[in-house]
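Dear colleague,

Please find below the structure that I am handing over to you.

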Amino acid sequence: MKVQHPLFSQVALAQDLPEYNLKRGNVATIVEYYPMPEGEEDGYSLEGFDLPHVTIEVPASQIIPIAQWQQEEMILAFHR
């Protein structure tokens, strides 16, 4: 089952996007959702990242809810 993030919610990047000079954990706002047919990955348009007037399209696997990212960071910090 596909998880759909709500429009205008904030999410964190799950991986670096070197082509945009963005890092895992950078936060943006979802401004568009692109449902895809079964077997294909949904997509999202993101804005924010301190990049005015720039919209970046990413696959669903590239973003995670901020709460999940914060929890992962706490776990990693504990094990460092």
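Two strands are said to pair if DSSP finds at least two bridges between them. In this model, which is predicted, strand β2 (residues 27-34) and strand β3 (residues 43-48) pair in the antiparallel sense, over six bridges. Thr29 stands opposite Glu47 in β3.

This pair belongs to an open sheet of five strands, whose order is β4-β3-β2-β1-β5 and whose pairing is antiparallel. Its edges are formed by β4 (55-59) and β5 (63-65), each of which pairs on one side only. On average, and with direction ignored, neighbouring strands of the sheet are turned by 50° against each other.

Helix α1 (residues 66-78) packs on the sheet, where it touches β1 (10-13), β2 and β5. The direction of helix α1 makes about 90° with that of β5. In total, the protein chain has one helix and five strands, and along the sequence these follow the pattern β-β-β-β-β-α.

As for the chain as a whole, its C-alpha trace spans about 40 × 35 × 20 Å along the principal axes. Of the 80 residues, 30% are buried. The accessible surface comes to about 5600 Å², and carbon and sulfur atoms account for 56% of that surface. Among contacts with a separation of 6 or more, 38% involve residues 24 or more positions apart.

Finally, the chain has 4 positive and 12 negative side chains. The centres of these two sets lie 10 Å apart.

Yours sincerely

Key
Residues numbered from 1 in each chain as written. Predicted model: local features only at pLDDT ≥ 70, side-chain atom pairs only at ≥ 80, totals over all residues. Heavy atoms only, no water. Helix = DSSP H or I, 4+ residues; strand = E, 2+ residues; numbered from the N terminus. Axes fitted to C-alpha atoms, helices over the stretch in contact; angles between N-to-C directions. Contact = heavy atoms within 4.5 Å. Buried < 20%, exposed > 50% of the residue type's maximum accessible area, 1.4 Å probe, protein only. Areas by Shrake-Rupley, 256 points an atom, 1.4 Å probe, with all protein chains shown as cover. Lys, Arg positive; Asp, Glu negative; His and termini not counted. Charge placed at Lys NZ, Arg CZ, Asp CG, Glu CD.
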